[in-house]
Amino acid sequence: MLAPSGGRVYYRFGDFEVDLRAGEFRRKGKRIKLGERPLQVAGELLEHPGDVVTREELQQKLWPANTFVDFEHSINTAVNKLREAMGDSPEHPRFIETLPRHGYRFVYPLDSE
């Protein structure tokens, strides 16, 4: 897996560690199996903590221009899998806040490197 365009590849927050270069998502040191898309969504959100990442930005970053898939469903599925791995919920977000029909924001403070 390639790192997001910003270049940072390792993030820590709460009980979690994300290593984008290795494609690993861990909770308390234990690897959690995530698919490629949820991990890519995590990378985009973590690259811009506190900022809104629009659904359109996710679509452009995660799928080539000539890809024909149901982006809405694919993005929803990826975010839901990511939330499930973190024990997060859209109703009471600790990590990922939803801005309906617009995008998502990572709201938990990141640990400094």
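Helices (H or I, at least four residues) and strands (E, at least two) are DSSP runs, numbered from the N terminus. By this rule, the chain holds three helices and seven strands. The structure is a predicted model, in which local features need pLDDT of at least 70 and side-chain atom pairs count only at pLDDT 80 or more, while totals for chains, interfaces and linings use all residues. Residues are numbered from 1 along each chain as its sequence is written, and side-chain values use heavy atoms, with hydrogens and water left out.

**The whole chain**

The C-alpha atoms fill a box of roughly 35 × 30 × 25 Å along the principal axes. The radius of gyration, taken over C-alpha atoms, can be set against a globule rule of 2.2 Å times the number of residues to the power 0.38. For 113 residues, a compact globule would have a value near 13 Å, and the chain agrees because its own value is 13 Å.

Next, colour the chain by pLDDT, the predictor's confidence in each residue, from 0 to 100. The average for the chain is 88, and 90% of the residues score at least 70. Select residues 1-5, where pLDDT stays under 50. For these residues the model has 14 contacts (heavy atoms within 4.5 Å) beyond four places in sequence.

Of the contacts in the chain with a separation of 6 or more, 48% are between residues 24 or more positions apart. Now show the surface: the chain exposes about 6800 Å², and carbon and sulfur atoms supply 47% of it. These areas come from the Shrake-Rupley method with a 1.4 Å probe, and for residues only the protein chains shown count as cover. Buried means under 20% relative accessible area, exposed over 50%, and partly exposed in between (1.4 Å probe, protein chains only). Of the 113 residues, 36% count as buried.

Select strand β1, residues 10-13, together with β2; the two pair in the antiparallel sense over four bridges. Two strands are said to pair if DSSP finds at least two bridges between them. Y11 stands opposite V18 in β2, and F13 has F16 as its bridge partner. The covered face of β1 carries Y11 and F13, and its uncovered face carries Y10 and R12. In β2, residues 16-19, F16 and V18 are on the covered face, whereas E17 and D19 are on the uncovered one. The hairpin of β1 and β2 has two residues between the strands, and G14 in the turn has a positive phi of about 50°.

**The aromatic cluster**

Which residues form one aromatic cluster? Show the side chains of F13, F16, F25, F95, F106 and Y108, which form it. The whole structure has eight aromatic pairs. Rings of Phe, Tyr and Trp (its six-membered ring) pair if their centres lie within 6.5 Å; planes under 30 degrees apart count as stacked, over 60 as edge-to-face and the rest as tilted.

**Two loop residues with positive phi**

Most residues other than glycine have a negative phi. Select K28, which has a positive phi of about 50° although it is not a glycine. K28 is in the loop between β3 and β4 (30-32) and is exposed, because its relative accessible area is 67%. Continue to R101, a residue other than glycine whose phi is positive, near 60°. R101 is in the loop between β6 and β7 (103-106); its relative accessible area is 80%, so R101 is exposed.

**The last stop: P90**

Select P90, in the loop between α3 (71-86) and β6 (96-99). Why does P90 count as partly exposed? The reason is that its relative accessibility is 41%. Leaving aside neighbours within four places in sequence, P90 is in contact with R83 and T98. Finally, look from P90 to F13: the two are 77 residues apart along the chain, and their C-alpha atoms are separated by 18 Å.
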